[in-house]
2 protein chains.
Amino acid sequence: MEDYVIRPIAHIRTDLPEKFGVPRQAGIVEALEGRIVFEPEYRREEALRGIEGFSHIWLIWQFSKALREDWSPTVRPPRLGGNVRMGVFATRSPFRPNALGLSCVRLLGVETDPELGPVLRVAGADLVDGTPIFDIKPYVPYADCRPEAASGFAPDPGATLSVVYAPGTQERIPPEKRPALTGVLANDPRPRYQEDAARVYGLDFAGKNVKFTVDGETLTVIEVE
Amino acid sequence: MEDYVIRPIAHIRTDLPEKFGVPRQAGIVEALEGRIVFEPEYRREEALRGIEGFSHIWLIWQFSKALREDWSPTVRPPRLGGNVRMGVFATRSPFRPNALGLSCVRLLGVETDPELGPVLRVAGADLVDGTPIFDIKPYVPYADCRPEAASGFAPDPGATLSVVYAPGTQERIPPEKRPALTGVLANDPRPRYQEDAARVYGLDFAGKNVKFTVDGETLTVIEVE
């Protein structure tokens, strides 16, 4: 068999420790910041020389929360309500023969951490905290940007929920993290369009548990623990 | 160590059996067609259901002609004349810790081959014939298209060479393959801007060996064997 071994060069740190709440694609919640921490072997400033000339970078990563032994030729994209089966290669589903993810994120900058070496600060990631990253490449518009591309069943995500914070809840989130939380919630983290206004959901975000309900187009944060 | 095993789902067939002549990025030579042939386990039409709604797809693949045991934190991009060292993660160089390639290609269609099963016809690939492919994903403009992206030291490739065919040479290339050959040559396959008008280069293309010289901005095909 023609097997190849790949090894993480880095892991990303984000405020979302579980799949629940992670945006369905990169770039949807720009306020969500992440930090890419290299493995010791790759903590080399030279390896990043010139990267700050690029505003966006690609991450190729492992769907580490979606590992399955088997693969299924079809999946049910949440975008289609979860009832229609599409070919796995016609989707960005995590359940694929090689569980590789691909995300274009904005590069905010390169920081040098005394312990961790060079760390990339990025915005708009759709990765769970701790996700292994196999490769980082610059986004090159003349090759990667195809404004004329037809997008099948996955048009712009469009409408979002209104997010309301019950009194006293927003104050429990650090101010610099509020836009990211609001962005995550506005994009409706519920699985497959559940419609139960009484149901209380719990989102783990930045070390807090954020409890909310959704009624129609309005999401209300009722508690932050 | 945190190793992952990945296995090709397919291989691409193109008219370029060697690295020499392969465009430096996807989409540069649109006339270059390729066929993606799935491995027996993945020859399932359901796995492609819906893919024809997308005009472009991503390929994640192995730089199979560029395997090295070691990695170097810096590389010398041909775009910069081959003399300037850049960080490997600031380039699309094949010589990277995990030798993964990433290409956006145009999807021309899905054919069914009686022996090979469903085959994807694509345009604009920058892959050597026989390259292993690990994943195929739809190109989703709202997540993947960033027209505002700044592109560092890799702006649009821009100017190309004029291609002239010496009498009798063009006729040796099948008519449907001539635009692709002209496109490959116009993009200057020479390594690192060699300037020697007397030097004869040989390009393997579609089973022929194409001999050419370059003088200034003009490339002349002198023989096709």
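Trainee: Which strands pair in the antiparallel sense over three bridges?

Mentor: Strand β1 (residues 4-6) of chain A pairs with β1(B) in the antiparallel sense, over three bridges. Strands count as paired if DSSP finds at least two bridges between them. Strands (E, at least two residues) and helices (H or I, at least four) are DSSP runs, numbered from the N terminus. This is a predicted model, in which local features need pLDDT of at least 70 and side-chain atom pairs count only at pLDDT 80 or more, while totals for chains, interfaces and linings use all residues. Residues are numbered from 1 along each chain as its sequence is written, and chains are lettered from A and ligands numbered from 1 in the order in which they are written.

Trainee: What stands opposite V5(A)?

Mentor: The residue opposite V5(A) is V5(B), in β1(B).

Trainee: What rotation superposes chain B on chain A?

Mentor: A rotation of 180 degrees, with 0.0 Å of shift along its axis, superposes chain B on chain A at an RMSD of 0.0 Å. That is the relation of a two-fold axis. The superposition is by least squares on the C-alpha atoms of residues with pLDDT of at least 70 in both copies.

Trainee: And how many residues does the contact take from each chain?

Mentor: The contact takes 65 residues from chain A and 65 residues from chain B; two residues are in contact if their C-beta atoms, placed from the backbone, lie within 7 Å. On the side of chain B that touches chain A, the largest share comes from β9(B), with six residues. By class, that side of chain B has 39 nonpolar, 13 polar and 13 charged residues. Here Ala, Val, Leu, Ile, Met, Phe, Trp, Tyr, Cys and Pro count as nonpolar, Asp, Glu, Lys and Arg as charged, and the others, Gly among them, as polar.

Trainee: Why do the copies meet through the same surface?

Mentor: Because 100% of the interface residues of chain B are also interface residues in chain A, the copies meet through the same surface.

Trainee: Changing topic, which residues of α2(A) are buried?

Mentor: They are A180(A), L181(A), V184(A) and L185(A). A residue is buried if 20 or more other C-beta atoms lie within 10 Å of its own, exposed if 12 or fewer, and partly exposed in between. Seen down the axis of α2(A), the buried residues fall within an arc of 130 degrees, so they line one face of the helix. The arc is that of the directions from the helix axis to the C-beta atoms.

Trainee: What covers them?

Mentor: The cover of the buried residues of α2(A) includes β3 (33-38), β10 (162-165), β11, β12 (208-215) and β13 (218-224) of chain A.

Trainee: What follows α2(A)?

Mentor: D188(A) follows α2(A), with a positive phi near 60 degrees, in a residue other than glycine. D188(A) is placed in the loop between α2 (178-186) and β11 (201-205) of chain A. It counts as partly exposed because it has 18 C-beta neighbours inside 10 Å.

Trainee: Where does A206(B) lie?

Mentor: A206(B) is in the loop between β11 (201-205) and β12 (208-215) of chain B. Although not a glycine, A206(B) has a positive phi of about 50 degrees. With 16 C-beta neighbours inside 10 Å, A206(B) counts as partly exposed.

Trainee: Last one: what is I133(A) in contact with, leaving aside its neighbours within four places in sequence?

Mentor: I133(A) is in contact with P8(A), I9(A), A10(A), H11(A), I12(A), I36(A), L59(A) and W61(A), those neighbours left aside.
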